[in-house]
Amino acid sequence: MNFAPSSEAINLNLSGLSIYQVAHAYIKKTAAGEVNINVDGDFSFGSPTAQVGCNLDVGAYDGFIDSVRANNFKLPNALDLTITFYAYRVDFASTDIRNTYNNAEKGEGNTRLILNVGRLDPSSSEAVYSLGTAYKNADDAITVDFGMLDPENLSAGEYKIVSVDEWSEGFAESGSLSDFNINDDILNAMGIEHSFEWDGQNLILNVAVPEPAEIAAVLGLLALFAALRRLSLIHISEPTR
């Protein structure tokens, strides 16, 4: 499903969205413009149960969906399923990513949820990904990836990244980050002082942005390191006589 908006915004308003018996599904924005997906009922995806490598991608690295809203987001029991969101804002009343698939020959099911963060608004008190009443297997971790974020425009402050409500199940208590695999390499590379905390319902990113001079110094050190590494790869030998 491709969106190539010719106008400033496309609002896709649906009573329900169900994708079943599809191993690989992609919902993409292929041109500039705003795309919002609004589902009053269930947004559900059902891949072939016993197939390996099934996936649903909502958005893409080069085309984030502006917003996705649904009453319920549902996934099936499956052997191997990856759900990846590239969205600036997601709001679900409930999210169910539990996986109870278990086959004597093929083993237990595996569901991976990947949430990409592409933009952070310091003036917003809403989470980028609001999952509502969320259910997951207690041992499963949600991947939160900041690799698409432009850190140069990041302001100091507190940002809600993922939120669930008090009736959610499968999440650790306050103080533990065990429910999340966090890729913050871009923040580390830019030398941005930051930390994460989980209060039992919200995954929060705290940012203290260094001064421009400090950023320039970090970039200079990275450039120097790259230059030294290139020199170390050059072998200089004495001419034979």
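Before you click, one term: buried means under 20% relative accessible area, exposed means over 50%, and partly exposed is in between, with a 1.4 Å probe and protein chains only. You are looking at a predicted model, so to speak of local features pLDDT must be at least 70, side-chain atom pairs count only at pLDDT 80 or more, and totals for chains, interfaces and linings use all residues. Residues are numbered from 1 along each chain as its sequence is written, and side-chain values use heavy atoms, with hydrogens and water left out.

**Stop 1: salt bridges**

Select aspartate 40 and arginine 69. Their closest N and O atoms are 3.2 Å apart, which makes a salt bridge (a side-chain nitrogen of Lys or Arg within 4 Å of a carboxyl oxygen of Asp or Glu). Aspartate 40 is in strand 5 (residues 34-46) and arginine 69 in strand 7 (residues 67-74), so this pair links distant parts of the chain, 29 residues apart. Strands here are DSSP runs (E, at least two residues), and helices are H or I runs of at least four, numbered from the N terminus. Aspartate 40 counts as exposed because its relative accessibility is 54%. Arginine 69, at 33%, counts as partly exposed.

Now pick aspartate 80 and arginine 112, whose side chains meet in a salt bridge at 2.8 Å, N to O. Aspartate 80 lies in strand 8 (residues 80-86) and arginine 112 in strand 12 (residues 110-116), so the pair ties together parts 32 residues apart in sequence. Is aspartate 80 buried or exposed? With a relative accessible area of 13%, aspartate 80 is buried, while arginine 112 is partly exposed at 30%.

For another, show glutamate 126 and arginine 89, where the closest N and O atoms of the salt bridge are 3.5 Å apart. Glutamate 126 is in the loop between strand 12 and strand 13 (129-130), and arginine 89 in the loop between strand 8 and strand 9 (90-96), so parts 37 residues apart in sequence are tied together. Both ends are partly exposed: glutamate 126 at 46%, arginine 89 at 23%. Searching the whole structure turns up 7 salt bridges.

**Stop 2: the largest pocket**

The search ran on a 1 Å grid over the protein atoms alone: a pocket is an open set of points with protein on both sides within 12 Å along at least five of seven lines, a cavity is a set where a 1.4 Å probe fits but cannot get out, and lining residues have an atom within 4 Å of a point. The pocket's volume is about 210 Å³; a volume is the space filled by probe spheres set on the points, which are joined across faces, edges and corners.

By class, the lining has 5 nonpolar, 1 polar and 6 charged residues. Ala, Val, Leu, Ile, Met, Phe, Trp, Tyr, Cys and Pro count as nonpolar, Asp, Glu, Lys and Arg as charged, and the others, Gly among them, as polar.

While you're here, zoom in on arginine 119: its charged end sits over the ring of tyrosine 88, 3.8 Å from the centre. The test is CZ of Arg or NZ of Lys within 6 Å of the ring centre and within 35 degrees of the ring normal.

**Stop 3: the cavities**

There are 2 cavities of 30 Å³ or more. For the largest, about 50 Å³, select Ile97, Thr111, Arg112, Leu113, Lys136, Asn137, Asp140, Ala141 and Ile142. Which strand gives the largest share of this lining? Strand 12 does, with 3 residues. Lysine 136 also has its charged end over the ring of phenylalanine 171, 5.2 Å from the centre.

The second largest cavity is about 30 Å³, and its lining includes Phe73, Phe85, Phe92 and Tyr129. This lining divides into 8 nonpolar, 1 polar and no charged residues.

**Stop 4: the rings**

Those four rings and Phe43 are linked by ring pairs into a cluster. Rings of Phe, Tyr and Trp (its six-membered ring) pair if their centres lie within 6.5 Å; planes under 30 degrees apart count as stacked, over 60 as edge-to-face and the rest as tilted. The whole structure has 10 aromatic pairs. Phenylalanine 73 and phenylalanine 92 have ring centres 5.0 Å apart and planes at 10°, so this pair is stacked. Phenylalanine 73 is buried at 1%, and phenylalanine 92 is buried at 2%.
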